[in-house]
Amino acid sequence: MVSYAFAQVRVTGVVTDASDGSPIPFVSIIIKGTSTGVSADEKGAYVFANVPANATLVFSSVGYQPLEIAVDGRGVINAAMNTAAVGLDEIMVVAYGSVKKGSYSGSATQINQNSFKDVPVVSFEQAIVGSVPGVQISQRSGQPGSLPEIRIRGFGSFNAGNEPLYVIDGVPATSGDYGSGNMFTSSMNFLNPGDIQSITVLKDAAASSLYGSRASNGVILITTKKGRAGKVVSTFKGNVALSYFAFDNYPLVSEAEGETLTREAWTNYGTDNPVFWQSYGSLSNYVEAMVERYYPSRKSDLIYQDWEKALFRTGITQNYEYSISGGNDKSKVYASVAYADENGVNRIQYLNRLTASINAESKVSKKITIGGSFQFSNQEQSGHQDGQAKDNLFYLWKVHLTPRWPFKYASDGSYWMQYYDGGTRVNPVPQWHLQINDATQMRALLKGWAEVQLTDDIKIKTVLGGDYLKAHDRFAWLYGHINFTAYGNGYASDRFRNVNRIVSSTTANYNKSIDKHNLGVMVGWEAEKEEILFFRLEKIDFANFGATESALANTFRAGFAYRSASNLLSAISNLNYDYDSRYYLSGSFRRDGSSRLGKDSRWGDFWSVSGSWRLSNESFMRDFKWLNDLRIRGSYGTSGTLPSNYYGYMAVFSYGVYGNEGAGYPSNLANADLTWEKNRNWNIGIDTRIFDKVDLVAEYYSKTTEDLLLNASVPSTTGFSSALTNIGSMLNRGLELSVNYDIIKKNDMSLSVGFNWANLHNEILSLANVGEQIVTRPHIWKAGYSYVQYYSREYYGADPQTGAAMYYSNATKPDGTRDRTLVGRAQAQSVILDGMTAIPKGFGGFNANFSWKSLTASMAWSYKYGHYVFDNAVDDIDDDGYNSYKNTSEDQLNRWQKPGDVTQVPRRIAGNTGGGYYDSSRALKKGDYMRLKNMTISYNIPDRIKNSLRISNARVYVAGNNLLTFTGLNFDPEVQSNGYYNFTFPSLRTITLGIEVSL
């Protein structure tokens, strides 16, 4: 008789989903207690040779519960695995841990890596647009590497910021733009989206109050990939993408139409002002002279160019990733390296990024587990200023570079470099290499942790994390640049920022189950220290005009360095109780102490309570077979926001020169009572799954922010006009809905669709004084109105008889009402434009996912409607003749030309001061849009090819971003949340072809 201890068998089988029998691809199968293992193929089949007859096989796969099966000498073992993430039982990463979604009473949305793994983006934020109800994400600029704007459930602050807190693998991380404003950068670009396992967005107080004074604007939890037990799997992924503008921005009139409109504007001007053409002999002579001056005819000795072709190209992006993952039931490791090279559609834009990461853990004994992770990134980025800047090629193209602007001399091919418009702008093409505007970022994130299982019920975990960011950006005008002599003979500026953050936390968890009672308690502490070192140097006058570094300039223009530090010490606690998987109760408490506040006000308490009732588990609901899950939940709690100024509560001094001596003087008024902005938030929700196909989630929330940080007026006897003070309050409330429907779920085919919608009501409740209003073009802050309420003249349109631009007077009459008489621009008053705000009436997204055998396809749309955007281009290309030397929008073809014409575009007059050049509601446009944000089609290579190549998995895919856009706007509709658009570089349409191979 042969002992099982020495016998070995060949085991084969198929791994399937226990719920529907469908095969589970690429499951890891290892021999328990070893690292020996194999992986199932795409059909769930596996072959495992030389398995000890008395061994135990461990089956594991992402999204499924691990399964152990004893071999017992058998040659065929089929495994049916249960999902670990079905509907309300999905495992979610939350503050300081993870929970089952069905037991969680807060408001949170989790997005798994499969949802965005093929989306062609550099930054993960761009891949989840429209995926999370109540979250608005917009790109500040379409330039490579620019910082996205994220708003979670509205606006929470005037001056302390509205960006969420980012937490990476449990450690709060540095985020934001640490550039100098010459172009947008993002410190979060250091994360390769391919290294992210999941993203969880915490939206209400129950979800985020454990982060206390930093959670008022929501929290984004990022979980990176970790090693999996089983065979070592190495994966290579590469893709190449082509990019160009996603939208036809600002269609312009043709060259012939431009000449016609210029001629018409000067004809009207001369008709209205005959004194100006008398010296020309006739009106026609005068008009011809003005047209030749401002829209000159083409000359035979000059070459003219299509400026779009001269300035822009098809952008090319390459991305390559390699990762390796493996381990056994005791130790696991994941490591990756990736390189991204993006050349923008503008010839001076690029981004190069190298990232590397490693994540490892090991169970060193029965009770102790240790682990650590390291993420590194080095990024180089080049671009230009956005807005109405001389180096913004998009702005120059659309506004200044008319078809009549010469490009080169025909005689020798040299560039024509005269001031065509009598201003300060020249042909930008030969200027590209004469300006430096670049930024480099080096980022390292290091984390180590140890976990001790003291007893079956008590676990202690200690985490220590270090976050280091080194940012350097340069701006320079070199010899030959139009601005070379702006400050001297050449200019160069270097700015350095070093941001160091250390976070340490220790938590103790107690979990106990007695019969149907389940109790979880967490207590702990957290300490954080942040230091910022800033250095700036500006020099002018290059002796060598070929020099490019500030060290080679002769004259010191400006320079300084400073160091800022902020400390935070916190006590944290959390309690969770549930009974019989029906009744859930949670509570959290955090006490924060911050160095940014005075000693008598630096401690703040933040807390939450929440509960839920899972009705579907009640006996009286068991007859409703179509109802799989039903849960009602609610929460209330507080969070806060710290002042962005580290020393705003102190009386600090500035230093300069007085006469010939150094001098110091107070630069702000002390406020020892300065404290946190406080957010009070309540949320109710319902979650359900019906017919085992449809998931429904509905939530209503209300959050009120009090003690808003604003600069309030103070008596002039203090020596200051204002001081940072806690005044004012703001309300955000809204409804969020999401629906997901599994239409088809078969062994070889699946089809699901999803939809989410949200609205937002934002209102300023109070400011420092009753009736106070603060105007910040084009908005106004006033109690009773939204944070982004528009304020300007109210435009009526063109007078049908004269073509003059008409406005409502809106002067205040004695009885307090507004005078609605139509007047000219100079007589019209700026007023609050009721109903015109940047807050949309609804926003969200919808998606679809399809798979059939080896083919998968997915798409995701985003939309927004019911809001207005302020188009600052109106005063440039819709100015009704004010500037004759600029390009002209197609909208001007709808101008008034004769009595009886009814139109919004007035009569064109050269130098027109009554029309679009000056602000009015004419610049406000409905911002409704719907956009196909991304679409992916993927095909898994057939088994016969993979087997011949000896690879475990291979697939090819094609993906697109910003493929279709539907909007009534004449420019890209994805505008920042304040609704203000001013020639920021538009979004790009990207087509990507990629391949992924695993060994």
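Predicted model: local features only at pLDDT ≥ 70, side-chain atom pairs only at ≥ 80, totals over all residues.
How many nonpolar, polar and charged residues does the lining of the second largest pocket have? By class, this lining has 18 nonpolar, 17 polar and 12 charged residues.

Strands β12 (148-152), β13 (165-168), β26 (491-514), β27 (517-542), β28 (553-579) and β31 (627-641) each contribute at least two residues. The largest share comes from β28, which supplies 6 residues.

## Enclosed cavities

Rolling a probe the size of a water molecule over the atoms shows where empty space is left. In this model the count comes to 13 cavities of 30 Å³ or more.

| Cavity | Volume | Lining residues by class |
|---|---|---|
| Largest cavity | about 610 Å³ | 13 nonpolar, 20 polar, 8 charged |
| Second largest cavity | about 140 Å³ | 9 nonpolar, 7 polar, 2 charged |

Of the 18 residues lining the second largest cavity, Val135, Gln136, Ile137, Lys864 and Tyr929 are the closest to its centre. The elements that give two or more residues to this lining are β11, β48 (842-852) and β49 (855-865). Strand β11 gives the most to the lining of the second largest cavity, namely 4 residues.

Which residues lie nearest the centre of the largest cavity? They are Pro120, Val121, Val122, Gln126 and Asn961, which belong to a lining of 41 residues. At least two residues of that lining come from each of β11 (135-139), β17 (230-245), β19 (315-327), β20 (331-343), β53 (953-967) and β55 (988-998). Strand β17 gives the most to the lining of the largest cavity, with 4 residues.

## Backbone features in loops

The peptide bond from arginine 777 to proline 778 is cis, and its omega is near 0°. Proline 778 is placed in the loop between β41 (773-776) and β42 (779-782).

Tyrosine 250 is not a glycine, yet its phi is positive, at about 50°. This residue lies in the loop between β17 and α2 (255-272). Is tyrosine 250 buried or exposed? Its relative accessible area is 1%, so tyrosine 250 is buried.

Phenylalanine 983 is also a residue other than glycine with a positive phi, here near 60°. The loop between β54 (980-981) and β55 contains phenylalanine 983. Because its relative accessible area is 0%, phenylalanine 983 is buried.

## Serine 493 in strand β26

Serine 493 is found in strand β26, one of the strands that supply at least two residues to the lining of the second largest pocket. Why does serine 493 count as buried? Its relative accessibility is 3%, and buried means under 20% relative accessible area.

The side chain of serine 493 is joined to that of arginine 495 by a polar contact of 3.3 Å. When neighbours within four places in sequence are left aside, serine 493 is in contact with Asp473, Arg474, Phe475, Leu537 and Glu538.

## Helix α5

Helix α5 comprises residues 393-400 and is mostly covered, with 8 of its 8 residues buried. The buried residues are Leu393, Phe394, Tyr395, Leu396, Trp397, Lys398, Val399 and His400. Against which elements do the buried residues of α5 pack? They pack against β17, α4 (307-311), α6 (874-877) and β54.

At the start of α5, asparagine 392 directs a side-chain oxygen towards the helix. This oxygen reaches to within 3.1 Å of the backbone nitrogen of phenylalanine 394.

Technical notes: Residues numbered from 1 in each chain as written. Heavy atoms only, no water. Nonpolar A, V, L, I, M, F, W, Y, C, P; charged D, E, K, R; others polar. 1 Å grid on protein atoms, 1.4 Å probe; cavity = no way out; pocket = protein on both sides within 12 Å on 5 of 7 lines; lining within 4 Å. Points joined across faces, edges and corners; volume = space filled by probe spheres on them. Buried < 20%, exposed > 50% of the residue type's maximum accessible area, 1.4 Å probe, protein only. Polar contact = N/O pair within 3.5 Å; in protein donor to acceptor, adjacent residues only side chain to side chain. Contact = heavy atoms within 4.5 Å.
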